[in-house]
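This report covers strand pairing, domains and the ligand shell. The sequence and structure come first.

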Amino acid sequence: MGCPVTGTAVEGCPVSHQAAEFDPFGSDYQLDPAEALRWSRNQAPVFYSPKLDYWVISRYNDIKAVFRDNITFSPAIALEKITPVSQEAQDVLRGYDYAMNRTLVNEDEPQHTERRRVLMEHFTPENLEGHKPMVRRLTREALDRIIDQGDADLVNEMLWEIPLTVALHFLGVPEEDMDKLREYSIAHTVNTWGRPSKDEQIKVAHAVGNFWQYAGKVLEKMRASPDGPGWMRYAIRQQASYPEVVTDSYLHSMMMAIIVAAHETTAHASANMFRRLLEQRELWEEVCRKPRLIPNAVEECLRHTGSVVAWRRITTRPATIGDVQLPEGARLLMVTASGNHDERHFENPDELDLYRDNAVDHLTFGYGSHQCMGKNIARMEMRIFLEEFTRRLPHMELVPRQQFTYLPNTSFRGPDHLWVHWDPASNPERRSDQVREPRMDFDIGAPSVKDLARTVRLADKRVLAKDIVGLSLEDPHGRPLPNWTPGAHVELLLDEMGRHYSLCGDPEHPERLELAVLREPASRGGSIYVHERLQVGDEVGLRGPKNHFRLDERAEEYVLIAGGIGITPIIAMADRLKRLGKPYTLHYAGRSRRTMAFLDRLAAEHGDCLHLYPSDEGARLQIDAAIGEPTEGRQIYACGPDRLLEALELATDGWPAGMLHVEHFGAAGALLDPSKEEAFEVVLEDSGLTVQVAPDQTLLEALRAAGIDVASDCEEGLCGTCEVTVTSGEDIDHRDRVLSREERGEGNRMMACCSRARGKISLAL
Ligand code: FMN
């Protein structure tokens with residue numbers, strides 16, 4: 001196998017030792033794919049693996065960029081056998097007339113979008129709502145069977161059976177032959193993503209061949225009664241109207257592919273979820289106590305330990321990912337599990353955080369036009385499993401010291417068995433029959449971050465400067481609070497008002513979070529509440545931390561600029577740079593020393609690098625002098641009033657992109673005023689939908705109503721989380737504080753939470 005970069009033998013290839021050693025069938029990857037690629041995320045996010053003859057992609061943004069562009073990065077190889085099939089096995093398959101064709105998952109445009117449009121209807125939230133009672137019933141019945149037993153292998157007892165039954169029901173396939181179907185799907189997985197030996201290949205080929213024939217027979221039966229229920233019959237009916245789009249071979253292949261896609265992934269994801277939550281008992285107990293956390297707990301488990309850990313694409317033309325150039329025909333293994341643990345996108349990525357408010361960004365369902373169509377069925381099942389188990393078996397535990405085994409393959413991951421035990425005498429329903437009744441129902445779709453506040457207690461409150469108080473927050477049970485990085489902020493829920501505050505303490509002491517809050521003269525209520533009503537001992541809700549103002553630690557030197565209360569994220573950055581031994585200067589402007597927080601701490605810790613500009617002393621920050629010339633390796637981080645940040649934007653106009661980073665604390669003009677707004681129309685190109693945005697609706701709300709998951713955070717145009725790509729339409733009314741003037745001028749993106757359009761626009765969604 002030659003090197004794709006130089007065309008020489010692999011020894012002469014610029015492939016690092018680690019890249020050369022990378023083996024997705026090796027124990028490291030099989031044990032923990034995200035951990036096995038940590039080195040790659042840090043050093044070589046796109047590398048060529050000679051053992052696999054694939055390019056491996058490990059960072060979140062790169063994977064998302066590939067998913068986004070399915071023309072350059074074709075899905076054609078998504079189901080290609082990763083281990084070449086022996087001639088003998090191919091002969092066996094031929095004996096079964098095996099002719100698996102392209103399906104939604106691996107077909108190119110324009111067929112893919114045409115078919116998706118024609119077949120999508122059954123996946124709408126209203127339709128899925130109709131499947132809920134069945135999932136509930138199946139879960140209750142499975143629990144009834146085991147509840148007095150005291151132990152169970154959850155995988156064997158229910159986690160395979162229920163998703164398979166649900167999948168069959170959704171498809172309209174009779175619920176017979178379930179064991180056979182399970183065996184067939186495992187064979188399909190091994191066949192596609194595994195490394196079977198020669199003998200295994202033959203066995204697998206027989207099972208796959210049988211599966212193919214079985215799918216064909218069921219399809220024939222359905223054709224005899226096409227008016228019956230289920231998605232397959234719907235597809236058969238659609239065939240009559242769109243014979244070119246929904247072909248015979250297509251239906252046959254879909255039948256087989258969907259049975260696997262719909263149940264194996266959910267079975268594994270559910271097993272991973274129970275394992276992770278039970279391993280960290282405090283998390284399990286938190287979910288038992290607060291069932292409204294369930295949708296996000298499911299999402300976070302899908303992120304942390306998802307069931308689909310890698311997916312494939314092939315380049316249709318030369319392409320660049322990061323700074324790596326790929327030739328046409330390069331095969332890509334995107335390790336989504338690694339992207340899901342990328343600290344550039346997820347704060348404390350290795351921690352399972354039930355309160356993570358961007359868990360929904362995970363890549364386990366893929367992204368873009370090929371995103372998993374069944375994602376909301378999987379979510380629904382997993383939520384109901386968790387709701388039933390945390391209510392009826394809150395005392396369930398993992399059987400200790402069990403060895404988890406996995407089917408060796410690159411892409412699908414979940415334990416073969418999951419043994420749990422409990423004392424049936426302590427089953428809550430033995431004391432009260434009410435426990436058998438569901439406590440909660442969950443809407444279909446992505447979880448809402450609005451349910452995610454953890455409770456913290458105010459441990460200390462003190463005056464830091466005129467009109468500024470310092471707050472120390474701690475967990476009421478003494479547990480550590482989540483880790484954070486400089487630039488991060490949290491959201492406090494103050495009497496139902498959500499307000500963001502930057503973290504300004506020491507990230508190495510996660511038992512306390514430190515904030516500094518300015519009493520705003522024109523307060524909408526939040527800062528007044530902090531100053532006048534919040535007292536030591538009070539408990540408040542807290543969301544986050546989140547970081548949209550992240551310090552790039554690789555720069556050579558830094559200029560930090562703070563105006564007024566904008567010192568809060570900047571001081572945490574200065575502390576970090578000092579610790580790293582990086583050169584920096586800190587410029588801090590304010591009205592007077594009395595109003596400037598942290599002066600003593602700054603003088604003690606950063607004296608040599610500190611420049612103070614109290615304006616009542618006549619000191620003025622000269623921006624040009626502070627930022628100097630655009631030198632390579634220099635980064636500027638600034639936070640403060642709008643006029644300061646605008647002046648900085650102006651002063652750095654024409655500088656190389658990416659040198660200036662700013663954070664705004666306020667979003668003048670971003671909020672919706674229905675009396676002044678106009679409706680507009682949005683075409684969603686990848687989904688084939690057209691959405692109307694009413695005057696009293698944000699674009700984000702309209703997208704969500706159409707079943708499109710778009711992550712969001714501040715919903716005030718400050719954070720950039722809800723950015724969407726604009727493909728056509730000129731008249732965008734930008735109202736965010738994230739995009740620079742140049743970026744607005746490019747006209748190719750907008751923030752869905754606040755920005756609008758004055759005419760029709762198209763989005764890549
Ligand atoms: N205000 C502060 O007083 N201190 C902070 O550290 C702080 N950090 C913020 C971080 C972000 C990301 C954002 C968006 C805002 C921040 N704010 C901060 C502003 C507050 O969220 C809030 O707007 C301010 O307290 C005024 O609220 P009020 O009008 O309800 O009184």
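## Strand pairing

Strand β13 (residues 489–494) pairs with β16 in the antiparallel sense, over four bridges. Here, Leu-492 stands opposite Leu-542 in β16. Strands are DSSP runs of E with at least two residues, and helices are runs of H or I with at least four; both are numbered from the N terminus. Two strands pair if DSSP finds at least two bridges between them.

Strand β16 (residues 539–546) also pairs with strand β11 (residues 454–465). That pairing is antiparallel, over four bridges. Val-456 has Val-540 of β16 as its bridge partner.

## Model and numbering

The model is predicted: local features need pLDDT of at least 70, side-chain atom pairs count only at pLDDT 80 or more, and totals for chains, interfaces and linings use all residues. Residues are numbered from 1 along each chain as its sequence is written.

## Domains

The domain assignment gives domain 1 (87–271 + 398–420), domain 2 (453–546), domain 3 (557–663) and domain 4 (674–763). These bounds come from an automatic or database assignment. The centres of domain 1 and domain 2, taken over C-alpha atoms, are 48 Å apart.

## Ligand shell

The ligand is surrounded by 22 residues. A residue counts if its C-beta atom, placed from the backbone, lies within 6 Å. The closest are Ser-523, Arg-524, Gly-526, Ser-527 and Thr-568. Domain 2 and domain 3 both give residues to the shell, so the ligand lies between them.

β14 (497–502), β15 (513–518) and α20 (526–533) each supply at least two shell residues. The largest share, four residues, comes from β14.
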